[in-house]
Amino acid sequence: MTGNHKDSTITRRRALVVTGGTAVAGGLAVAGYQAASADSGTATSASASAASTGAACMTLMTSVTEGSYHLDGALVRKDITEGKSGVPLTLRLTVVDATDGCTPVKGAAVEIWHCDAWGYYSGYTTANPGGSVPAESEDGSTADDDTYLRGYQVADANGVVKFETIFPGWYTPRTCHIHVKVHTGGEKEDGTYEGGKVNFTGQFFFDDAIAEEIFTLEPYSRHSGSYTVLDDDMVYDGGGAASGLLTLEAVHRKDPSQGYKGFLTLGIDPDADNTGAGGGGGEGGGGTPPSDAP
C-alpha cells in the first residue's frame, strides 16, 4: 500500500481514535480521550483521567525494543523540531504508576525520538528510508544532523509532559511511529538527563487514515514508495492505546496541514528496569539497522 492510499471505511482502530475509547491488549487500558479533555478543562487533573481506567490501570503497557536509531545525550527541551518542516504535532503525555493506582509520576523523564518528514533520523542521515526520496541535506533546514527530533521533558506534579514536534514520516519497512523511553531516578545535567534507569521502552503509533492524508502534503509527498499500514507493521500488535496508538485531535478539522494534538497515558512500574534491549515487538524501530549505525 502506498502513502497516497485512501480508505473511507471506519475501522475499529479508527473508531477508538475518533471516540476516545479505551483498549486493552496485553497492556494498560489508556483513556486517551480523557487526557485530551483535561486540556480543555473537562477533567481537573491527570490523576482524574487515570482513575477513569479503573482496575485495568494495574496492568502495564506493552514494552518493545528501542530500535536501531537511539542516541544518548538528547537535550531536555519542549520543542525538538530545530526548524525541520512538517505538519505540527503537539504531544501531551501523562506518566502514571501502574503499580500504585495510576498515581502521577512526578519527575519522570520522557524521552522521544523519531524520523523527519522524509524518513531520516538525526545521527543516521545517510540511512536510506526506502522508496524514492530526496537526500536529507535537500530539506533546506538549519537543523543539527545529530540532534533534531530528539528530546526529553520532565513530568510535572500531574505526571504530564508536552512536546512540540512534527508529524513523523515513514521508512521501509515500518509504519509511522515515535520512539519513547520513560526514565526515573536521574536528574537534569548539562542540558540533558543523566543517571537513573529506564522503566519503560515503547513506541507511539498513528491512525492509518490520518497518516496517509498527511503524507499527501508537502514535504511528505516527495517521499514515494510502499508505506506500511498498522496491520502490517512488525511492532504494532493491534492493541489500540494500550499498544501505543495515540488519540489525535485536529487543530483544524478541514485543514490537516494546521497540525494535530496527540494524547496518551503511559503506565509504568517505577521499580522496573526496561531498556528495550532484547524485548518483544519484532525488530523494534528500524527494521534492518542502517550501515552507519554505531
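**A proline and its surroundings**

Analyst: Proline 219 is located in the loop between α4 and β8. The elements are DSSP runs numbered from the N terminus, where helices are H or I runs of at least four residues and strands are E runs of at least two. This is a predicted model, in which local features need pLDDT of at least 70 and side-chain atom pairs count only at pLDDT 80 or more, while totals for chains, interfaces and linings use all residues. Residues are numbered from 1 along each chain as its sequence is written, and side-chain values use heavy atoms, with hydrogens and water left out.

User: What kind of peptide bond joins glutamate 218 and proline 219?

Analyst: The bond is cis, with omega at about 0 degrees. Threonine 172 and proline 173 are also joined by a cis peptide bond, with omega at about 5 degrees. Proline 173 belongs to the loop between β5 (160-166) and β6 (177-189).

User: And which residue in the loop between β6 and β7 (192-205)?

Analyst: Aspartate 190 has its place there. Its phi is positive, about 55 degrees, although aspartate 190 is not a glycine. Most residues other than glycine have a negative phi, and most peptide bonds are trans. Glutamate 82, in the loop between α3 and β1, has a positive phi near 55 degrees as well.

User: Is aspartate 190 buried or exposed?

Analyst: Aspartate 190 counts as exposed because its relative accessibility is 75%. Buried means under 20% relative accessible area, exposed over 50%, and partly exposed in between, with a 1.4 Å probe and protein chains only.

User: Changing topic: how many helices and strands are in the chain?

Analyst: The chain has four helices and nine strands. Read from the N terminus, their order is α-α-α-β-β-β-β-β-β-β-α-β-β. Of the 294 residues, 52% are buried. The accessible surface is about 11800 Å², and carbon and sulfur atoms account for 47% of that area; such areas come from the Shrake-Rupley method with a 1.4 Å probe, and for residues only the protein chains shown count as cover.

User: How many aromatic pairs does a search of the whole structure find?

Analyst: The search finds 12 aromatic pairs. Rings of Phe, Tyr and Trp (its six-membered ring) pair if their centres lie within 6.5 Å; planes under 30 degrees apart count as stacked, over 60 as edge-to-face and the rest as tilted. Tyrosine 69 and tyrosine 124 form an edge-to-face pair, because their ring planes are at 80 degrees, with the centres 5.1 Å apart. This pair links distant parts of the chain, 55 residues apart: tyrosine 69 is in the loop between α3 and β1, and tyrosine 124 in the loop between β3 (109-113) and β4 (150-154). Both tyrosine 69 and tyrosine 124 are buried.

User: What about phenylalanine 215 and tyrosine 227?

Analyst: They form an edge-to-face pair too, 5.1 Å centre to centre with 75 degrees between the planes. Phenylalanine 215 and tyrosine 227 both lie in the loop between α4 (208-214) and β8 (247-250), so the pair ties together parts that are 12 residues apart in sequence. Phenylalanine 215 and tyrosine 227 are both buried. They also belong to one aromatic cluster, along with Phe167, Trp170, Phe206, Tyr220 and Tyr260.

User: Next, where is arginine 77?

Analyst: Arginine 77 is in the loop between α3 (46-51) and β1 (88-97). Arginine 77 counts as buried because its relative accessibility is 15%. Apart from neighbours within four places in sequence, its contacts (heavy atoms within 4.5 Å) include Glu82, Tyr148 and Phe163.

User: How far is the backbone oxygen of arginine 150 from a polar atom of the side chain of arginine 77?

Analyst: The distance is 2.9 Å.

User: Finally, how many disulfides does a search of the whole structure find?

Analyst: The search finds zero disulfides, a disulfide being a pair of cysteine sulfur atoms within 2.5 Å. For cysteine 115, the nearest cysteine sulfur is that of cysteine 176, 6.7 Å away. Cysteine 115 is buried, with a relative accessible area of 1%. Cysteine 176 is buried too, with a relative accessible area of 0%.

How values were computed
Polar contact = N/O pair within 3.5 Å; in protein donor to acceptor, adjacent residues only side chain to side chain.
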